[in-house]
Amino acid sequence: TTDVAPHRPLALGQIAHIVSSEPGGPRADPLLSREDQDRYENLILLCSDHHAVIDANPEYFTVDRLRKMKSDHESWV
């Protein structure tokens, strides 16, 4: 037999807010309630690399663009 290291859980995705949950964050909307910020419709699952890229470029990755990306991916799945 060969020794194989036990499998450890590995998180590949991060739950991200489409409209930021932080004041002044990417795509923040001060009129959006905390409850609405945490609704499924405002969340998207991203890898850590894309989470950083998207939040660093909010002028390109707009709320509408991210919602379309999420919708397209959910339809594909």
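The sections below begin with the basis of the values and then turn to the residues and the pocket.

## Basis

This is a predicted model in which local features need pLDDT of at least 70 and side-chain atom pairs count only at pLDDT 80 or more, while totals for chains, interfaces and linings use all residues. Residues are numbered from 1 along each chain as its sequence is written, and side-chain values use heavy atoms, with hydrogens and water left out.

## Glutamine 37

Glutamine 37 lies in helix H1, residues 34-37 (helices are DSSP runs of H or I with at least four residues, strands runs of E with at least two, numbered from the N terminus). Glutamine 37 is buried, at a relative accessible area of 8% (buried means under 20%, exposed over 50%, partly exposed in between, with a 1.4 Å probe and protein chains only).

A polar atom of the glutamine 37 side chain lies 3.4 Å from the backbone oxygen of leucine 32. Leaving aside residues up to four places away in sequence, glutamine 37 touches His17, Ser20, Ser21, Leu32, Asn42 and Leu43 (contact means heavy atoms within 4.5 Å).

## Aspartate 64

Aspartate 64, placed in helix H3, residues 63-76, is exposed, with a relative accessible area of 62%. Between aspartate 64 and isoleucine 18 there are 9.1 Å in space, C-alpha to C-alpha, although the two are 46 residues apart in sequence.

## Lining of the largest pocket

The lining of the largest pocket divides into seven nonpolar residues, one polar and two charged (Ala, Val, Leu, Ile, Met, Phe, Trp, Tyr, Cys and Pro count as nonpolar, Asp, Glu, Lys and Arg as charged, and the others, Gly among them, as polar).

Key: Polar contact = N/O pair within 3.5 Å; in protein donor to acceptor, adjacent residues only side chain to side chain.
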